[in-house]
Amino acid sequence: MTETAEREKLIEVKNLKKYFKVGKKAILKAVDDVSFHIYRGETFGLVGESGCGKSTTGRTIIRLYEATDGEVLFEGKNVHAKMSRKELKEFNKKMQMIFQDPYASLNPRMTVKDIIAEGIDIHGLAKSKKERDEKVYELLETVGLNKEHANRFPHEFSGGQRQRIGIARALAVDPDFIIADEPISALDVSIQAQVVNLLQKLQKERGLTYLFIAHDLSMVKHISDRVGVMYLGNMVEVAESDELYDNPLHPYTEALLSAIPVPDPNYERSRERIILKGDVPSPVNPPSGCRFRTRCPLATDICAQVAPKLREAREGHWVACHLYDDEYKHAFNK
Ligand code: SF4
């Protein structure tokens, strides 16, 4: 048995679909048959361009959206199944979310103390006002703020500090799993590393599992154990982080990686950039067959006819592309 085969799957996403009605007849297929899993204690990075379905996937996992079809299992239980109030409360305590915009996600009329203590109050985690206050002060210290910040309002803080408040709010109920939806994209580059370091420190100390959503592969590189790449509602590649960066298999992942600047100027000048043609097509009317085919430099006729399935091309490395499918790879001169 391999090392990964022994690890416990905390989250299992199976053939998940999330469609939205747009206008009278059109259907936007934001997430279309996506499957992956997240091991307990790991960080799974989910990347792709804006509109690829990564945030919708995160929001459907945490039940902010109902699934159109498919399943999300948390500790083996379907999160979209009917739950009693008690089960739902327990579930809400185990999964928390950190949002992209630390300006919009904190109530401007509430003090930091009340924002952080909301979950403590809902779940009855403090027996007295004193215990509630102490928990809040401890959480503020945990995220690099202090007691004096407790009675202030969100507008008195910088973007990085507000994101720390958002993290403290998520931690207040002692969750197992946190979805971080582009948590550093709105922050200055100088602050981004601090927030990433904080998240990594908390993961070590508390054994947290993260789904870290980002639009760019360079952002998830250092924090993720494994990475999934989405394109137009589909998962196109999943692999261990180093494997994905060193040996990308999907033409889309190759293009995304080629766009990341490297610090060595000589190498930077000599390396080949893959410029993708065209824009991402609309998820309301996606291309037939492989959804990436309208921008793929390697597309052949078969790509327009048959949608590639996600298959394990190497151990632990999954890709959805006919280039790696025994049945169709003869169609490519490779
Ligand atoms: Fe490109 Fe075809 Fe592979 Fe899709 S299936 S990524 S179009 S080569």
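Five bridges join strand E1 to strand E4 (residues 69-74), and the two run antiparallel. Within this pair, Lys 14 stands opposite Glu 71 of E4. The model is predicted.

**The four-stranded sheet**

E1 and E4 belong to an open sheet of four strands, ordered E2-E1-E4-E5. Its pairing is antiparallel. The edges are E2 and strand E5 (77-78), each of which pairs on one side only. Helix H2 (residues 54-61) packs on this sheet and touches E1, E2 and E4. The direction of H2 makes about 115° with that of E1.

E1 also has E2 as a partner. Strand E1 covers residues 9-22 and strand E2 covers residues 26-39. They pair in the antiparallel sense, over eleven bridges. Glu 12 stands opposite His 37 in E2. The hairpin of E1 and E2 has three residues between the strands. There, Gly 23 takes a positive phi near 70°.

**The eight-stranded sheet**

Another open sheet has eight strands, in the order E6-E7-E8-E3-E9-E10-E12-E11. Here the pairing is mixed. Strand E6 (95-98) and strand E11 (311-314) form the edges, each pairing on one side only. On average, neighbouring strands of this sheet are turned by 25° against each other, direction ignored.

Helix H3 (residues 85-94) packs on the sheet, where it touches E6 and strand E7 (177-181). The direction of H3 makes about 45° with that of E6. Helix H7 (residues 189-206) lies across strand E3 (43-47), E6 and strand E8 (209-214). H7 runs at about 160° to E8.

Further along the order, strand E9 (residues 226-231) meets strand E10 (residues 234-240). Six bridges join these antiparallel strands. One of the bridged residues is Gly 228, whose partner in E10 is Val 238.

| Strand pair | Bridges | Sense |
|---|---|---|
| E1 and E2 | eleven bridges | antiparallel |
| E1 and E4 | five bridges | antiparallel |
| E9 and E10 | six bridges | antiparallel |

**The ligand site**

Where does the ligand lie? The space taken by the ligand is the largest cavity. Around the ligand are His 250, Pro 251, Cys 290, Phe 292, Arg 293 and Cys 296, together with Ala 299, Cys 303, Pro 308, Cys 321, His 322 and Phe 332. This shell divides into nine nonpolar residues, two polar and one charged.

Technical notes:
Residues numbered from 1 in each chain as written. Predicted model: local features only at pLDDT ≥ 70, side-chain atom pairs only at ≥ 80, totals over all residues. Heavy atoms only, no water. Near = heavy atom within 4 Å. 1 Å grid on protein atoms, 1.4 Å probe; cavity = no way out; pocket = protein on both sides within 12 Å on 5 of 7 lines; lining within 4 Å. Sits in = over half its atoms within 2 Å of the grid points. Nonpolar A, V, L, I, M, F, W, Y, C, P; charged D, E, K, R; others polar. Pairing = 2+ DSSP bridges. Axes fitted to C-alpha atoms, helices over the stretch in contact; angles between N-to-C directions. Contact = heavy atoms within 4.5 Å.
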